[in-house]
Amino acid sequence: MITNDNISANDGFSRFAALVQAIAFTSKTNEKTILLTDYLRTANESDKLWLLALFTGRQPKRIASGALLRTWCSEITGVSPWLLSECYSTVGDLAETIALLLPEGNTTGMHESLTEIMMQIVSLYGEPDELKHAYITGMWMRMDVSERFVFNKLLTGNFRIGVSGKTVVNAVAKFTDMPASVVAHKISGQWSPLQYSFSSLLSEGGAVDFSKPYPFYLAYALNVEPEQLGLTSEWQAEWKWDGIRGQIIKRNNDLFVWSRGDELLTDKFPEYFILKDLLPDGTAIDGEIIAMADGVILPFAKLQTRIGRKQISKKILQDAPVGFIAYDLLEWNGQDYRDKSLAERRAVLSELIERLNLPFIQISKVVAFEAWDELAASKTESRANNAEGLMLKRKSSAYGAGRKTGDWWKWKIDPLVIDAVMVYAQKGAGRRSNLYTDYTFAVRDGDQLVTFTKAYSGLTDEEFKKVDAFVKRNSLEKFGPVRTVKPELVFEIAFEGIAASKRHKSGVALRFPRISRWRHDKTVEDINTLADLQEMLKLYGKDEERGAGAIA
C-alpha cells in the first residue's frame, strides 16, 4: 500500500517528465529499455510502481475533459477558442498544445514525486470543477513545457508515449533479475498502484489474485517458405480464427474471462457462466471468443455488436451468440502447464473439451496435411471458413510469453486489394501530428466518387511527406481538421475481409484496411468502381445472415 512514508521528495516529478521526453526522442527499443532500467534503479518504491502502472495502461480515469482544459488554457493565455483549435489541429495532441501555449511559469523545479502528483490527481475525482481548476492551473504555472506535457497526459487519462508492454517487461526483468515471462505474468490482470507496493506486486508471497491471467503467446507472420520449417511431422496446423483472443480461467470456485488486452470481460459473455460449475478449479484455457450459432462461426461483425456495450440485452444474446474456440491449456488442476509440450497440453485439452460436451465450446480443429503444398491448398479455403489463414505450431513447443519467433507462426491468406483515390486527409497523431497521414478513399460510381474506407498506414516516411506536401498544395475545402483534396492520388488498398454495412454510404465495411502501395502508374479514371466492391462482397463477404461452415 502507498503511504506518505515511502514517498520521497528527492524523487521529483520532473525526473519522470525527463524520462518521458528521453523516450520520445528515441525509436530504438534497446535505448528505451536502458532508460527505463536506469529510472527503476534510482526511483523510490512508490514511483516505480506508478511508472509500471502508467506504462502498462493502468492510468487513472481522467479528472477533466479536454473541453475544460481548453477553456482554462484560453483563460490564462488569452488565446481565443477558435485559434486554440487551430493550434490543436496543427500540433495533433491536446496535452502538447496546451503545454506549448501556456506562458512561462515559476519553473524553479518540481519537488513533488510522481506518486504525490498521482495521489493529488486521484483525490480530485468527483470534486467540483472549481477545485480542479485551481489545482490544475496552479500546477501549470509551476512547470516547464515537458512537465506540463506529461502532467496533461495524466489528467486526460491518455498516457500513450510509444513504449510497448514487452519493453516495460524487459526493463523490469533486467532490474529485478527475474525471467521476463515471470514478470509478464506478475504484472498481468487488474491491479492498482493504490493496493500494492512495487515489491509486493513482484514478490512470491504477495496477495493472491485468483483472477490473474497468463501472458499470451503471440506468433510472428511467416516470412519464409513453409518448406524451410522442416519436417511436416513436427508441426501442427490450425485455422487462424477472427475474433477476440481470450482466456477462460476457473480458480477459487469462480470464473474469469480475460481479453488479450488485460480487460476482464466475464460479465460481457454470460454464455460462459455455465463453465463455473463444469470446469475443475485451477483451469486456464487460451482461445478465441467468436460469434457462433449452432456450431457455425459467424462474421466478426456480429461479435462487434457486443463489444463496448455496458448491458447485454436478451436481444443481443439472441442476435449475436458467442462461442469459444480453445487453442491451448495453460493451467490444469492448479498446475502451470506452459512448460509442457504442445502435444501434451493438446491431449489434456482435447479430453477436457470432449468431457464438457458443450456445442459452443470447441477445440481448435487441426488441419491435417502430409506435405507443405497440401497445406497451402487448404489455406485457400480460409475465407470460406471465416478464418484469416493458418497457425503453424511446433508440436514440441512450450507456451511462451509475448511475441517470439521459431515455434509459432501465423500464415495468413493474401489480402484483398482494390485501387482507390484519396479524397480527404487529416493530420496524424504522435510523431506524425504535423503531417497529413490519415486518408479517406473513394471508388467510382458512374460520374460520382463514393467514399468507402479510411487508412493511415502502409507508406514510408518519405512517401507520407510527399502526400502531405500534395495535400497542402491541393486542398479544396476545410471541415475542422479534415481537408478535401483534389482526387488525383491513387493508392492500392489492401484489406482482410469485406462485409455488408448499413452505416456506410458505400454499403460495405472493410476489415483491417491499409495502403499497400502508391499507384503512380494510375489516374482517377483507372480506379475501381463501387460495382467492383459489390462483386467482392458477393464473393468474399458475409452479411448478418450468412456465416461460415461448421468447424467440427
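1. K393 lies over the face of W408, at 4.3 Å from the ring centre. A charge is taken to sit over a ring if NZ of Lys or CZ of Arg is within 6 Å of the ring centre and within 35 degrees of the ring normal. The charged end of K340 likewise sits over the ring of Y337, 5.0 Å from its centre.

2. On the basis of these notes: this is a predicted model, in which local features need pLDDT of at least 70 and side-chain atom pairs count only at pLDDT 80 or more, while totals for chains, interfaces and linings use all residues. Residues are numbered from 1 along each chain as its sequence is written, and side-chain values use heavy atoms, with hydrogens and water left out.

3. Strand 10 (residues 387-394) and strand 11 pair in the antiparallel sense over five bridges. Helices (H or I, at least four residues) and strands (E, at least two) are DSSP runs, numbered from the N terminus, and two strands pair if DSSP finds at least two bridges between them. In strand 11, K412 has G389 opposite. Strand 11 (residues 402-412) is also joined to strand 1 (residues 217-221) by five bridges, and these two strands run parallel. Here L218 stands opposite R403 of strand 11.

4. Helix 1 (residues 13-24) has 12 residues and spans 17 Å from its first C-alpha to its last, close to the 16 Å expected at 1.5 Å a residue. The expected span is 1.5 Å times one less than the number of residues. Its buried residues are F13, F16, A17, L19, V20 and I23. They cover an arc of only 155° around the axis, which puts them on the same side of helix 1; the arc is that of the directions from the helix axis to the C-beta atoms. Buried means under 20% relative accessible area, exposed over 50%, and partly exposed in between (1.4 Å probe, protein chains only). Helix 2 (29-42), helix 3 (45-55), helix 7 (114-123) and helix 9 (145-156) are among what covers the buried residues of helix 1. Contact here means heavy atoms within 4.5 Å.

5. The count of aromatic pairs comes to 15. Rings of Phe, Tyr and Trp (its six-membered ring) pair if their centres lie within 6.5 Å; planes under 30 degrees apart count as stacked, over 60 as edge-to-face and the rest as tilted. F13 and F16 form a tilted pair, 6.3 Å centre to centre with 40° between the planes. Both lie in helix 1, three residues apart, about one turn of the helix.

6. The rings of F175 and F198 have their centres 6.1 Å apart and their planes at 55°, so this pair is tilted. F175 lies in helix 10 (residues 165-176) and F198 in helix 12 (residues 198-202), so the pair ties together parts that are 23 residues apart in sequence. F175 counts as partly exposed at 26% relative accessibility, whereas F198 is buried, with a relative accessible area of 4%. Elsewhere, ring pairs link Y439, F441, F464, F491 and W518 into a cluster.

7. In helix 5 (residues 81-91), the buried residues include L84, S89 and V91. Among the elements covering the buried residues of helix 5 are helix 4 (66-77), helix 6 (94-101) and strand 12 (416-427). G92 follows helix 5 and has a positive phi, near 90°.

8. D438 is placed in strand 13 (residues 436-445). D438 is buried, with a relative accessible area of 17%. Leaving out residues up to four places away in sequence, D438 touches Y424, A425, Q426, K427, K454, A455 and Y456.

9. Most residues other than glycine have a negative phi. N333 has a positive phi, near 55°. N333 lies in the loop between strand 7 (322-332) and strand 8 (335-336) and is exposed, with a relative accessible area of 52%. N357 also has a positive phi near 55°. Its loop runs between helix 16 (342-356) and strand 9 (361-363), and N357 counts as exposed at 64% relative accessibility.

10. S203 lies in the loop between helix 12 and strand 1. At 28% relative accessibility, S203 counts as partly exposed. S203 and V183 are 20 residues apart in sequence, and their C-alpha atoms are 9.9 Å apart in space.
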